[in-house]
Amino acid sequence: MALNLWWMLLVALGVLVAAIVVGVLLGIRSRARPDDRPTALVSRAERLRSLPSFRAAVRRRMTLLSGIVALGAVAVLLGGVVAARPMAPKTVQPVNTSRDIMLCLDVSGSMSEVDVEVLSVFEELLKGFEGERIGLTIFNSSPVQVFPLTDDYTFVREQLQNVRASFDYVDETPEHWVGTLNGPGASLIGDGLAACTMRFDHEDDERSRSVILATDNELAGASILTIEEAAQYAKSKGVRVFALNPVQGKDAQVSAQLSDAAALTGGQSYALRDTTTVGDIISEIQKQEATALKGQAQVVLVDSPNLWIALMLVAVLGFVVLLIFVRDAGRARNPGSVSDAGGARDAGEGRA
């Protein structure tokens, strides 16, 4: 853009210089060939042109005409600058007013038959959120973060669909198991919930944080934390847990343990296949006030034409005013010039 401005400056300067040169040459030519001027029809017109007042009037007119040319060139130049869309740097700090939600999915063997249903519920939940940051962590004997908290819902939807497609597999180790079998045992719910709780960022900010935990709570092995201890940890971090229970009503003790852990954090447990589950979870999450989260400051280029437009308007206004002034001054001088020329002629004849 800087190069374009320099080119426009050179072009405008060239036009201005050319106009001045043409004006000077025309002035020299008019002085060299007085008989071609209309004033040559007046007897002894050279005496009129030699008068100081006449010369002053010619200089004043030439100055005004040069000013018109200069202002026209400047107006054209400024119009080119405006058309080039001048930009200016501006520092902005995006602010995202939202809540944080971590989807936490048990991908152990006992959940294989219902995980596709769970992912469908996750996608339904996504339709009910607007601006919330959403992440996904899966776990079995070890946790894996599929994607961090983000408000790019197109990306979130693609990732959920990819995970769901990975359950239709023929390999011995499906894609969604990669990284989740790095420890002893299976379906370590307490460790998985604690890992999901640790995935939240901006710990110093007061924000609405929720974990949507989908598990059958069928522990197979020795976990570091029990589900009750993991719930206590989530509570200490201000994280509410909403549990999706695919075995609601089948095992009262397992269901009660999952419900108690969710209630400890201020959340609730829901049956996976209840028709109101999605709406109830969205409603509970949105009860907490969304808070502003400041993003990283960025320097962006924005359109900044105001100054150039104002200068262009001033130049155009000056051009029009000078043009009208020269035109009116010329009309006012013509009758007087003829009479003055007549007087000069009569005076000459009288002296003769």
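**Salt bridges and a pocket**

Modeller: Let me start with Lys-287 and Glu-284, whose side chains meet in a salt bridge at 3.0 Å, N to O, the term standing for a side-chain nitrogen of Lys or Arg within 4 Å of a carboxyl oxygen of Asp or Glu. This is a predicted model, in which local features need pLDDT of at least 70 and side-chain atom pairs count only at pLDDT 80 or more, while totals for chains, interfaces and linings use all residues. Residues are numbered from 1 along each chain as its sequence is written, and side-chain values use heavy atoms, with hydrogens and water left out.

Colleague: Where do Lys-287 and Glu-284 lie?

Modeller: Both are in helix 9 (residues 277–287), 3 residues apart, about one turn of the helix; helices (H or I, at least four residues) and strands (E, at least two) are DSSP runs, numbered from the N terminus.

Colleague: And is Lys-287 buried or exposed?

Modeller: Lys-287 is exposed, with a relative accessible area of 59%, whereas Glu-284 is buried at 15%. Buried means under 20% relative accessible area, exposed over 50%, and partly exposed in between, with a 1.4 Å probe and protein chains only.

Colleague: OK, how many salt bridges are there in the whole structure?

Modeller: A search of the whole structure finds 7. One of them pairs Asp-100 with Arg-133, the closest N and O atoms being 2.9 Å apart. Asp-100 lies in strand 3 (residues 100–106) and Arg-133 in strand 4 (residues 133–139), so this pair ties together parts that are 33 residues apart in sequence.

Colleague: What else does Asp-100 form a salt bridge with?

Modeller: Arg-207 also forms one with Asp-100, again with the closest N and O atoms 2.9 Å apart. That pair links distant parts of the chain, 107 residues apart, since Arg-207 sits in the loop between helix 6 (189–197) and strand 6 (209–214) and Asp-100 in strand 3. Asp-100 counts as buried at 0% relative accessibility, and Arg-207 is buried as well, at 7%.

Colleague: Switching topic, which residues lie nearest the centre of the second largest pocket?

Modeller: Glu-203, Arg-209, Lys-237, Gly-238 and Val-239 do, out of 15 lining residues. The lining divides into 4 nonpolar, 4 polar and 7 charged residues.

Key:
On a 1 Å grid over the protein atoms alone, a cavity is a set of points where a 1.4 Å probe fits but cannot get out, and a pocket is an open set with protein on both sides within 12 Å along at least five of seven lines; lining residues have an atom within 4 Å of a point. Ala, Val, Leu, Ile, Met, Phe, Trp, Tyr, Cys and Pro count as nonpolar, Asp, Glu, Lys and Arg as charged, and the others, Gly among them, as polar.
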